[in-house]
Amino acid sequence: MAWRLPAHVTFTETDTGAVLLDNRRGRYWQTNDTAAIVLKHLLHGDDLEPAIAALRERHPDAAEHVVADVQHMIEKLAAAKLVIS
């Protein structure tokens, strides 16, 4: 399943990750650099697999947890209406 940001959400990279701004509600969420990697892949039109591969390469000691962690992150972002499929 492909995920993307809705039109009312903007993404800005920072030195430590990224910020998502919900322009409808005037709320923002700050992410760490790992979450920013996932979000950048989504913004480029990728599904989750390339993001998962990038994280497994970056964090080989935690490779077995990457899929569950990314799924959990997407569920949280979707619940906050920051990503849509």
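Predicted model: local features only at pLDDT ≥ 70, side-chain atom pairs only at ≥ 80, totals over all residues.
Residues are numbered from 1 along each chain as its sequence is written, and side-chain values use heavy atoms, with hydrogens and water left out.

Start with the sheet. It is open, with 3 strands in the order β1-β2-β3 and antiparallel pairing. Strands pair if DSSP finds at least two bridges between them. Helices (H or I, at least four residues) and strands (E, at least two) are DSSP runs, numbered from the N terminus. β1 (9-14) and β3 (27-32) are the edges; each has a single partner strand, so one side of each lacks a neighbour in the sheet. In β2, Ala18 stands opposite Glu13.

Now the bridges. Glu13 meets Lys40 at 3.3 Å, N to O. Lys40 sits in helix α1 and Glu13 in strand β1, so this pair ties together parts 27 residues apart in sequence. Glu13 is partly exposed at 48% relative accessible area. Buried means under 20%, exposed over 50%, partly exposed in between (1.4 Å probe, protein chains only).

Next, Asp22 and Arg25: their closest N and O atoms are 2.9 Å apart. Asp22 is buried, at 2% relative accessibility. Arg25 is partly exposed, at 46%.

Last, Arg58 and Asp33, at 2.5 Å between the closest N and O atoms. Arg58 is in helix α2 (residues 48-58) and Asp33 in helix α1, 25 residues apart.

Notes: Salt bridge = Lys/Arg side-chain N within 4 Å of Asp/Glu carboxyl O.
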